[in-house]
Amino acid sequence: MRISRRVATATAFAVTSALVVTACGGTGSGGDGNSGSTGKIEGTVKFQTWNLKTNFKDYFEGVIDGFEKKYPDVEVEWIDQPAEGYADKLSADATAGTLPDVVNVAPDLATPLAKAGLALNLDEDKAAAKFKGEYLEGAWKGHEMPGETGTYAFPWYLNTGPMFYNKKLFKEAGLDAEKPPTSYDQLFEDSLKMAKNSNGKIAMLSNAPAIEDFGRYGVPLMNEDKTKFTFNDAKGVELVEKYKELFEEGALDEQALTAVAESSGRKFQQQQIAMNPGSAHDLETYKKEAPSLYKNIGITPAVNNTGKDNMYVQGLMVNAQSKVKPAAIEFAHWVTNAANQEKFGQEVAVFPSTKGSLDSDFYTKDDGTDEGRVRVAAAEALKTAVNYTPVVFTEQMKTVLKNEVAKAMQGKKSAKQAMDDAVAECDKLLQQAG
C-alpha cells in the first residue's frame, strides 16, 4: 500500500473534544499514571502503527530489537491497525482510555487528541524538547495545533510528489513535451489546448481541486488565529471557476467529481489522462505494469503559484497520560532518529524528517534512473515544503468541500455561492469540534 498519502477513511475525528476528553490513563505498565517524563526508562511501551506490518515487518522488528537491547528494562508491544477505520479506532481508544503509549498519527488525527489533553506537548516537556533541533523546522511544525504553542508529535516520514506527464500525449496535442506546465495559468492553457486538439478524447487532469490545491494556488485557507476558513475569497472562487471551465471543455476527466487517487492513477496508467501526481512508488508500478506508458513518462515538479511544494507528514504522538512516559518518549525518538529514518527511507519511497538526512548522497545524487530523479527532486523540494492542509481540516470537511466544488462545476451553484456554503459548513464543524 502507498503509505505516503494515506487518508483516514472515516469521519470519526469530527467528534467534539467533549467526547474525547472522557479518556483516562494510558495503557503502559510499570509506573504511576501521573508519572513525569524524566524518570527511569522502563516498562511496557505499546506502539501503534497504521497498516505497516504487512510490508515492513522485518524493519520494525529490527528497530524494536535495537531499542530493547539499549534499554533492557523496556519491552515494546507493537500493534498495527488496518487503514480501514483507523480514525474510528483512535477515537474509540481515546474515549475508553486505552490509547497506546506511542501512536502513528497524521496532523489531522492528532488535533482532537491534543485538544483533549491526550497528546504530549513536546516543546513543553523537557525530556522531549531536547530532541527538537534534530528535525527539519517545517516537519516539527507539522504537528502544531491552532491556538496552541508547541508541537504534539515527533516528525516521522515525509513525502511530496512530482507530477508525471505523458510526453506522447503532449506531443500529439501540439504541446511542448519538454516544457510541461509549472504555473496554474500555464496548466489551464495547456489543458484547454489538449482537450481541443484531441477532440475531447484526452483530458489533462482527472481530479477536481482539493484543499491542498487551494493552498498551492495561493488561496489563504484560514484567518490568522485559525478560527475561521477563508478559502471562499476571490482567489478561491477564481480557482473553482477555472476548473469549471476545464470540466465544461473536456479538459478535466468526466469522472473528476468522484475520482479518488487510485482511480486517477489507473486513468493515467491507461493513458486516458495526460498528467497525474505520483511518487517513485508509482513509477515502479508503471515500469512493471505499463511499459508503453513508462517509456513516455516525463517528470516535473507539482504545479503551484507559491514556490513551495506540498508536504505530506506522518508523526509519532506520545500519549500524555502514558504510565511509561519516559520510555515512550525515548522510543518515539528512537523510531524517528536520523539513522532509523534514513534506513526506512531507503526501503520505501518516503523521506526522513531529520536535519541533514536529505543532504546524503542517496537523496542528492541522481543515479541515472527515473526513480533517482524523482527521489532527488522530491528531497530538494521537501527542504522548504509546507503542509498546505490545515490540521483542523477533517475528513468531513474534505467531503463538504468536494461536494460544493462538484455543485459549482456542474452549474448547480455559482462558484462564489458554493465556496461560501463550504466555508460556512466547515466553520460550523470547526466550532463543534472546538
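**Helix pairs**

I looked up helix α10 (residues 234-248) and helix α18 (residues 395-409): they pack at about 55°, with axes 9 Å apart. My note on terms: helices are DSSP runs (H or I, at least four residues), numbered from the N terminus, and axes are lines fitted to C-alpha atoms over the stretch in contact, with angles from 0 to 180 degrees between N-to-C directions.

This is a predicted model, where local features need pLDDT of at least 70, side-chain atom pairs count only at pLDDT 80 or more, and totals for chains, interfaces and linings use all residues. Residues are numbered from 1 along each chain as its sequence is written, and side-chain values use heavy atoms, leaving out hydrogens and water.

α10 and α18 are therefore oblique to each other (under 35 degrees is roughly parallel, over 145 roughly antiparallel, 65 to 115 roughly perpendicular, the rest oblique). Which residues of α10 and α18 make the contact? I found Val240, Tyr243, Lys244 and Phe247 of α10 with Val405, Ala408 and Met409 of α18 (contact means heavy atoms within 4.5 Å).

Next I checked helix α2 (residues 53-70) and helix α14 (residues 325-335), which pack at about 135° with axes 10 Å apart. α2 and α14 are therefore oblique too.

I noted about 540 Å³ of space in the second largest pocket. On a 1 Å grid over the protein atoms alone, a pocket is an open set of points where a 1.4 Å probe fits, with protein on both sides within 12 Å along at least five of seven lines. Volume is the space filled by probe spheres set on points joined across faces, edges and corners.

Note on methods
Helices (H or I, at least four residues) and strands (E, at least two) are DSSP runs, numbered from the N terminus. On a 1 Å grid over the protein atoms alone, a cavity is a set of points where a 1.4 Å probe fits but cannot get out, and a pocket is an open set with protein on both sides within 12 Å along at least five of seven lines; lining residues have an atom within 4 Å of a point.
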